[in-house]
Amino acid sequence: AAPAAPDNRSETRVKMTRMRQTVTRRLKESQDTAAMLTTFQECDMGNLIEMRKKYKDEFEKVHGVKLGFMSAFTIASAKALQEIPAVNAVIDDETKEIVYRNYVDISVAVASPAGLVVPVLRNVEEMGFKDVEETIAMYGAKAKAGQMALEDMVGGTFTISNGGVFGSLMGTPIINQPQSAILGMHGTKMRAVVVDGQVVARPMMYLALTYDHRIIDGREAVTFLKSVANKIEDPGRMLLNL
């Protein structure tokens, strides 16, 4: 008889965690419920990078927390959500009403030993850069310690997902139900762009907004995403509420 072939086609089965089962169910529910569409915008990160480089040491010394890019995107999103209320709204399927929220609660992905979790920053419209960075750092510490509570992740009117930390160039994020939109950040890459008629290398990021077309029209989605990009490209606009 021929010798037995080495067993190089084996399989390993691992039980899905309750968190993974919940994520799986909710992602599929999102696809089955929302009429999802994604729009893209490119964003020049140069001025934000320079601002962070200039102030990061003093910011950490004064506030005791590091200055990252997530706070800028969180605040820019909060201001844009107030400008375009439909992106911050939700459909109540039972009453057939559109519910416009007068507050901004943003879900932000944070790494934990059990995988990515999405805690909620509440009333972001009232926060400054320091408040956002402190809250994200607090959630990050809780996630690493495995102390994230369910109430930390419940609610949220909008989500920001940062695939750029893993090197993603572009993607189409899935809406976090029952929200109506999600902003996808991606990697910053030096690219050739035309500025004042000259081809120059600039640090560019692609932004993606996946939205529920049942409640958000294309004009509103594009206007929202362009507003976020404008605020990131010129951070002073956030200070002046422009």
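## Two helices that cross

The axes of helices are lines fitted to C-alpha atoms over the stretch in contact, and the angles between them run from 0 to 180 degrees between N-to-C directions. In this predicted model, the axes of helix α3 (residues 70-83) and helix α4 (residues 129-144) come within 9 Å and cross at roughly 120°. The crossing in which α3 passes α4 is right-handed.

On the side of α3, the contact is made by M70, S71, A72, T74 and I75, while α4 contributes F129, V132, E133 and I136. Sorted by class, the residues in this contact of α3 with α4 are six nonpolar, two polar and one charged.

## Aromatic rings

The structure holds one aromatic pair. The ring centres of F158 and F224 lie 5.5 Å apart and the ring planes stand at 65°, so the pair is edge-to-face, given that planes over 60 degrees apart are counted in this way. The pair links distant parts of the chain, since F158 belongs to strand β8 (residues 158-162) and F224 to helix α6 (residues 218-233), 66 residues apart. Both F158 and F224 are buried.

Another ring, that of F69, has R52 lying over its face, at 5.2 Å from the ring centre.

## The surroundings of S107

S107 is found in strand β4 (residues 106-108), and this residue is buried, with a relative accessible area of 0%. When neighbours within four places in sequence are left aside, S107 is in contact with V118, P119, V120, G155, G156, F158, T159, I160, N176 and Q179. One of these contacts, F158, is also a member of the aromatic pair with F224.

Note on methods:
Residues are numbered from 1 along each chain as its sequence is written. This is a predicted model: local features need pLDDT of at least 70, side-chain atom pairs count only at pLDDT 80 or more; totals for chains, interfaces and linings use all residues. Side-chain values use heavy atoms; hydrogens and water are left out. Rings of Phe, Tyr and Trp (its six-membered ring) pair if their centres lie within 6.5 Å; planes under 30 degrees apart count as stacked, over 60 as edge-to-face and the rest as tilted. Helices (H or I, at least four residues) and strands (E, at least two) are DSSP runs, numbered from the N terminus. Buried means under 20% relative accessible area, exposed over 50%, partly exposed in between (1.4 Å probe, protein chains only). A charge sits over a ring if NZ of Lys or CZ of Arg is within 6 Å of the ring centre and within 35 degrees of the ring normal. A crossing is left-handed if the near helix is turned anticlockwise from the far one by less than a right angle, and right-handed if clockwise. Contact means heavy atoms within 4.5 Å. Ala, Val, Leu, Ile, Met, Phe, Trp, Tyr, Cys and Pro count as nonpolar, Asp, Glu, Lys and Arg as charged, and the others, Gly among them, as polar.
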